[in-house]
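Please look at the chain shown here and follow its parts one after another. The report below describes how they are arranged and which side chains meet.

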Amino acid sequence: MDVTRRGFVATLAAFAFPAVALAQAHALEPVPARARVKILATGGTIAGAQSRPGDVAYKSAAYDVGVLIKAVPGLGELAEVSGEQIASIGSQDMNDAVWIKLGRRVNQVLGSPEIDAVVITHGTDTMEETGYFLNLVTRSDKPVVLVGSMRPATATSADGPMNLYNAVAVASDPAARGRGVLVVLNDRIHFARETTKTNTTALDTFSSPNRGLAGLVLFGKARWFSRPAWKHTAGSAFAGVIPDVLPRVDIVYAYANVGPELVNAALAAGAKGIVLAGVGDGNATQAVIEALAAAAKKGIVVVRSSRTNSGAVARNVEVDDDKLGFVAAQELNPQKARVLLQLALLKSKDPKAVQALFDQY
Ligand code: GLU
């Protein structure tokens, strides 16, 4: 039999007897080792329980990480999974102390050659803030994926188990490396920097209005669309910089007829920075702008962001940032601008230097 004919017979045999073809393939390629994924749990609805099935009311953070892992069929085949409880809170109670603990632990865990990726279970209310904080302070290119759910674990059609399965799959995917911190829910992969919660209860609450999705994940198979354009994780100037205390930064919300009182209250409370959740392109009443300008003169760093939920706030459009000494938040929404300002203030109180950071992160 000549070479061509032998090849044809082998091909035919492979089609006719897939098991033979599979065995041959296995003999040639070593079975890939499962990724070693550490799940750090913080609570949230994904760990929530109703007292009776069908109840609207539920309690966040009722189950610990071991229970969550056991509830996901096939998780152990995807990855070598271990769990650790960092906190047990609804994410409306997220605070600087938990961020500091979590950020340090993520860096410690990812610094180990025994771990390939981290998944963090988290409530969805402040997931975008925690995700962006970790995007700035994580000192590693290894994947970090935040995951939550909109329905508690006891609900009919609870979304937590599939979200956790997909999050572990994304974290185990070598293609997730170097993309910054990711958020996985409802079959979508978001960049933590881009995503925001946009609906109180819907399963597709997360959207990434400016730059779109990082990718999709369906039954554990990820499909990647893009890479982040901004500095993050191992390339971040904040990587590994996690002090014991973060500076106080408050957000002042703008609306029709708002006076200077909220700005003054933030100053009285000891704010070192103020983020304006401005109307439109980071605007506010003259009274608020004047109060902020007075604060900036005293060395408080003022960042103008927008309450509109998408778009960018650029410098000197309707407000003279150069003259008043303000910083423009670019694409960061107020809650994310607050996170960057907390870290930026550790480096500088000069609005020009802070603006340079907002232009890069
Ligand atoms: N308040 C809850 C939390 O953020 C609700 C949202 C959730 O987990 O999906 O923890």
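Predicted model: local features only at pLDDT ≥ 70, side-chain atom pairs only at ≥ 80, totals over all residues.

The chain is divided into domain 1, which covers residues 35–235, and domain 2, which covers residues 249–360. The C-alpha centres of domain 1 and domain 2 lie 29 Å apart, and the contact between them takes 19 residues from domain 1 and 16 residues from domain 2. About 1,500 Å² of area is buried between domain 1 and domain 2, and carbon and sulfur atoms give 52% of this area. On the side of domain 1, the residues that lose the most area to domain 2 are Tyr-132, Asn-210 and Trp-230, which together account for 33% of what that side buries. Between domain 1 and domain 2 the count of salt bridges is two.

**Salt bridges**

| Pair | Distance, N to O |
|---|---|
| Arg-211 and Glu-331 | 2.9 Å |
| Asp-55 and Arg-52 | 3.3 Å |
| Arg-105 and Glu-84 | 2.6 Å |
| Arg-304 and Asp-321 | 2.7 Å |

The side chains of Arg-105 and Glu-84 meet in a salt bridge. This pair links distant parts of the chain, since Arg-105 is in helix H5 and Glu-84 is in strand E2 (residues 79–89), 21 residues apart. Arg-105 counts as partly exposed because its relative accessibility is 24%, a value that falls between the limits of 20% for buried and 50% for exposed.

Arg-304 forms a salt bridge with Asp-321. Here too distant parts of the chain are linked, with Arg-304 in strand E13 and Asp-321 in helix H10 (residues 321–324), 17 residues apart. Are Arg-304 and Asp-321 buried or exposed? Both Arg-304 and Asp-321 are buried.

The side chains of Asp-55 and Arg-52 also meet in a salt bridge, and Arg-52 is exposed, with a relative accessible area of 55%. Arg-211 and Glu-331, in turn, belong to a network of salt bridges that also links Arg-193 and Glu-194.

**An enclosed helix**

Why is helix H11 (residues 334–344) described as largely enclosed by the rest of the structure? The description applies because ten of the eleven residues of helix H11 are buried. Among them are Pro-334, Lys-336, Arg-338, Leu-341 and Ala-344. The buried residues of H11 pack against several elements, including helix H5 (96–110), helix H6 (127–137), strand E12 (273–278) and helix H12 (351–358).

**At the surface**

Lys-59 lies in the loop between strand E1 (35–43) and helix H3 (65–70), and Lys-59 is exposed because its relative accessible area is 54%. When its neighbours within four places in sequence are left aside, Lys-59 is in contact with Ala-47, Gly-48 and Ala-49. Lys-59 and Ile-89 are 30 residues apart in sequence, while their C-alpha atoms are 9.7 Å apart in space.

A nonpolar surface patch of about 320 Å² is made by Met-162, Leu-218 and Phe-219. Of these residues, Met-162 lies in helix H7 (residues 160–172), and Met-162 counts as partly exposed because its relative accessibility is 31%.

Key
Residues numbered from 1 in each chain as written. Heavy atoms only, no water. Patch = residues over 30% accessible without salt bridge, like charges linked within 9 Å, V, L, I, M, F, W, Y side chains within 5 Å. Areas by Shrake-Rupley, 256 points an atom, 1.4 Å probe, with all protein chains shown as cover. Salt bridge = Lys/Arg side-chain N within 4 Å of Asp/Glu carboxyl O. Helix = DSSP H or I, 4+ residues; strand = E, 2+ residues; numbered from the N terminus. Buried < 20%, exposed > 50% of the residue type's maximum accessible area, 1.4 Å probe, protein only. Domains from an automatic or database assignment. Contact = heavy atoms within 4.5 Å. Buried area = accessible area lost by both parts, 1.4 Å probe.
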